[in-house]
Amino acid sequence: MAFDSQPRYGPEGDQVAFISDRSGSEHVWVLDRSEQDTTRLSTGDNLRFHSPEWTPDGNYVIASRQTSLGDPAKPWLYHVEGGSGTPLVEEPESMRLSGAAFGEDPERVWFARRSGAWDYNAILPEYQLAVYDRDTGQLYERSSRFGSAFRPTLSPDGQWLAYGTRHDAETGLRLRNRETGEERWLAYPVQHDDQESIATRDVYPGMSFTPDSEALIASYGGKIWRLPVGGGEPSKIPFTAEVDVPMGPELDFEYPVEDTPEFAARQIRGTVPSPDGSRLAFTALDRLYVMDYPDGTPQRLTSQDAIEAQPTWSPDGTSIAYAAWSNEGEGHLYRIPASGGTPVQITERPAVYQQPAWSPDGERIVALRGPARAFRTSTGTTTPEASDDLVSVPASGGEATQVAPAEGRHHPHFTTDPDRIYVYGSEQGLQSMRFDGTDVKTHLRVKGRRQPLSDEPLTASLALMGPDGGQAVAQVHNSLYRMAVPMVGGEAPTVTVTNPEAASVPVSKITTVGGQFPAWGEGGEEVHFSAGNAHFRYSLPAARAAEDSVVSAEELESESESGPAYGPEETRVRISAPRDIPSGTAVLRGARVITMEEDEIIENAEIVIENNRIAAVGKQGTVDVPSGAEVIDVSGHTVMPGFVDTHAHLRPAWGLHKSEAWQYLSNLAYGVTTTRDPQTSTTDVLTYADKVRTGRMLGPRIYSTGPGIFQSEQIESLSEARSVLRRYSDYYDTKTVKQYVAGDREQRQWIIEAARDLELMPTTEGALDLKLDLTQIIDGYPGHEHTFPIFPVYEDVIGLTAASQTAYTPTLLVNYGGPWAENYYYTRENPHDNEKLRHFTPHSELDQRTRRRGQGAGAGPGGWFMEEEHVFQEQAETLEAIVGAGGRAGVGSHGQLQGLGYHWELWSMATGGLSNHEVLRLATLTGADAIGLSQDLGSIAPGKLADLIVLEENPLEDLRHTSAIRYVMKNGRLYDGSTLDEVYPRSRPLQTMWWQTGGPSGELPGVEPEGE
């Protein structure tokens, strides 16, 4: 299943250099044509190469190399007889050089040069031609075109230079006479270039002059062409190939949506053991619980109707303090007996308090504090202002005093020393200070491996000092590590956990499936943590004893392949929660129904709803309507299944949660009844999704992949891949997972094999990398997120994608290869003044996205683009070709503009030639099928869940009618589309949200309008 590409003949024609991942990782290879054997020239792992080229003497191959996807590619020299390679140009670090080309002078190498790896919403030019002198080490720029210049190609006689560039919105080929400097067009338009993505196969396909320098051989339109340099008609070079492409495993699982009266909460959060280790405190569904450990039954401690979070034990184990956030929008710290009782408010001033920690002498509680207003009015996942200060509060209650500004530091905690507070910050590292904020000491910094598209190593998200002050536990992405903390007296040591055996201090990885919420126990002899609703206790003495026994066995020449020598003790914590299932029977009568069952459209229909499922559907008079059913007249309307967003980033507040999420409300109001977030960064979504299931939060069905699987997982075998993916199948219960550039091809193949074994459906990150996209499709991944970076693509890529049945979710609002489609809508419509959008979206959020577009308003430097510069229609044509060939696709709004953004995506997808009905099917039944839910969702049929949209107009006539929503029904409950007031089976208005009041009123003093 090797992916071989970009072949280049050697000077004598007897060798071919090419790029291949046949060893499991991508490298530069050479084929000896006479012997028909191959030799790998490059070394290393997880590297990326493109555009190999021979030096004129045939001794070296030059290829542009990236150490990670976000790195600017640099040229390396590889000798054909061996060696590890030599960097040709290293500085400046931000410079990329691609497409090495030689002319008659072997000392001078031509490249296309740019700064950085790529830009979203780029402002041209991106590339210019440059010449590198291998004798002097100087680099000279040799073009200055607005449309960029790339893929330099020189004729053997030294007279001609051909290169690619943009003219207006199209790519063309220019021909330069190197003697006179004059230029002319050689071909226009040609294949659209890849300068607005990462260009992992270079910016334009390779070209070559004929040996007599009379013609240029180039490809465009899916064909190979001979272009005479002296003028005349180009000629097509016939080429066909019979190719059998081996494919990876086919993964297509169904995940039934359960209707049981109760379900088990999927996550426990903030688990902390009591000082004697006999009890656990934690939260589930944002409620505070305690249990005897390990075999006790969880008991809720309070009856507060508030968000309860982040418990901490008193040193004597008799009390628990915790942070609370009320539905009225203010917070306090509370203390409650560990045996239960009435909570006592211990803070005097309303604010937002987080991460309380009890001092070991029992006298004080330290916590983070910020203005309640900051957290109440925040619209995203984090609120820096909500943790302005580190404060100290008497444990008995009283006024909080400032210890120090938090400055991004968090998770205050203690060792056995009651006089020093420890905190952690990603920039500062693990620090400690006195109660007056003085004598700040930095003890440790922890780094991991770089993430895709990042220039810096991943910093630990948390480090906690052990009780003895000589060891710490750190969280790096999804894994936990225990490490020694040396006392050095100077600059704090930086410990890199990428290879624990090579770390500067003893480091041990204590998780296999992953974990979070670490806490020390038993005086520093245990580390506690959780994953999903499982709690783990890792005994350091037991781990050392197990390791010693393995060492002894190895000394006796005995080997073990069973995995880690020691595994932590695991306890499942079951919290049962009631599932929200309405009771009652209703009939929606008189509407046109687009069922999505084949091409079925029923005029003057009836849909019978019993509880939360569809009982019957048919033409009025043909359906058995139970007596007593409530009749809901929807005459003149169109009913269709609820929308499925297969790539939705909703992401309400992390850490300390909220009782309602504006993102959920906006999407539901716009008819999105099911969402799948591919890559949530954190696990907060598990609790939020469960709260929606209980009916305590209003929103769509919340599915997700959980946090993505990145290269930082350091998967080294199929067995390790299974361990990592068990996090999602056994603990998070996500059904689908996101493989996000998780390593080289071999590692990605391990992940798909493990997913098959665990019945998970993984999707992938497009990552602006067509080579990555194609190999992931070949390897069997059933989901693909984002557009291909290159367009147009032809029958080979279309056929492969369709045959694989990978679900292609293009997210055109953030399409690759050109300006994002969202900018088209932002600059041509007026979402800021959309009444419905303003009702469900905080004003500050709308202002940030709509009032100004350009540098700083979103990703990339550009905000406004000419009509012809937008590429979403061309990308939608790729989508249409895939669907037309029998492929699958989904609609994903990418969280760009919650609610209305889904419709922008839908409308954009239709510009490529799909019919309105075809696009609506992708938005419903095909989308549900893509994430394994079509058994219960996606069409209007008996037995399926009652997720429906009642539209005021017919979207088959005009797709823009999809946003004219009269009612939304989700799980059998019917809501007014303008207000989300429930109208069936209960009559219950939605509470007023904080952003719906509080704007400046006309009664305030200010400048009088003219004429008054």
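Reader: Which residues does Y220 touch, leaving out those up to four places away in sequence?
Author: Y220 touches A187, V190, Q191, Y204, W225, L227 and P234, with residues up to four places away in sequence not counted. Contact here means heavy atoms within 4.5 Å. This is a predicted model in which local features need pLDDT of at least 70, side-chain atom pairs count only at pLDDT 80 or more, and totals for chains, interfaces and linings use all residues. Residues are numbered from 1 along each chain as its sequence is written, and side-chain values use heavy atoms, with hydrogens and water left out.

Reader: Where is the place of Y220, and is Y220 buried or exposed?
Author: Y220 belongs to strand β18 (residues 215–220). Strands (E, at least two residues) and helices (H or I, at least four) are DSSP runs, numbered from the N terminus. Y220 counts as buried because its relative accessibility is 14%. The cut-offs are under 20% relative accessible area for buried, over 50% for exposed, and partly exposed in between, with a 1.4 Å probe and protein chains only.

Reader: How many residues apart in sequence are Y220 and P792?
Author: They are 572 residues apart in sequence, but 9.8 Å apart in space, C-alpha to C-alpha.

Reader: OK, A122 next. Where is A122 found, and what does A122 touch?
Author: A122 is in the loop between β10 (108–115) and β11 (128–133). Residues up to four places away aside, A122 touches E196, P861 and F865. A122 counts as buried, at 5% relative accessibility.

Reader: Salt bridges. How many are there in the whole structure?
Author: A search of the whole structure finds 56. A salt bridge is a side-chain nitrogen of Lys or Arg within 4 Å of a carboxyl oxygen of Asp or Glu. One of them joins R178 and E104, with the closest N and O atoms 3.1 Å apart.

Reader: Which parts does the pair of R178 and E104 tie together?
Author: R178 lies in the loop between β15 (170–177) and β16 (183–187), and E104 in the loop between β9 (95–102) and β10, so the pair ties together parts that are 74 residues apart in sequence. R178 is partly exposed, with a relative accessible area of 29%, and E104 is partly exposed at 47%.

Reader: What about R151 and D202, buried or exposed?
Author: R151 is buried, with a relative accessible area of 7%, and D202 is buried at 3%. R151 forms a salt bridge with D202, the closest N and O atoms being 3.6 Å apart. The pair links distant parts of the chain, with R151 in strand β13 (residues 150–154) and D202 in the loop between β16 and β17 (208–209), 51 residues apart.

Reader: And R921, what does the side chain of R921 meet in a salt bridge?
Author: The side chain of D599, at 3.2 Å, N to O. R921 is in helix α14 (residues 916–930) and D599 in the loop between β49 (585–594) and β50 (601–610), 322 residues apart. R921 counts as buried, at 19% relative accessibility, while D599 counts as exposed, at 58%.

Reader: Change of topic. How many residues of helix α3 are buried?
Author: Helix α3 (residues 662–669) is mostly covered, with 8 of its 8 residues buried. Those buried residues pack against β55 (672–677), α4 (684–694), β56 (701–704), α10 (835–840), α11 (843–850) and β63 (965–970). Just after α3, G671 takes a positive phi of about 90°.

Reader: Why is β55 largely enclosed?
Author: Because 6 of the 6 residues of β55 are buried, β55 is largely enclosed by the rest of the structure. Strand β54 (residues 643–645) runs parallel to β55 and is joined to it by 3 bridges. Two strands pair if DSSP finds at least two bridges between them. The bridge partner of D645 is T675 in β55.

Reader: What is the strand order in the open sheet of 4 strands?
Author: The order is β30-β31-β32-β33, with antiparallel pairing. β30 (352–358) and β33 (401–405) stand at the edges, each with a single partner strand, so one side of each is left without a neighbour in the sheet. Strand β32 (residues 389–394) pairs with β33 over 4 bridges, and S392 stands opposite T401 in β33.
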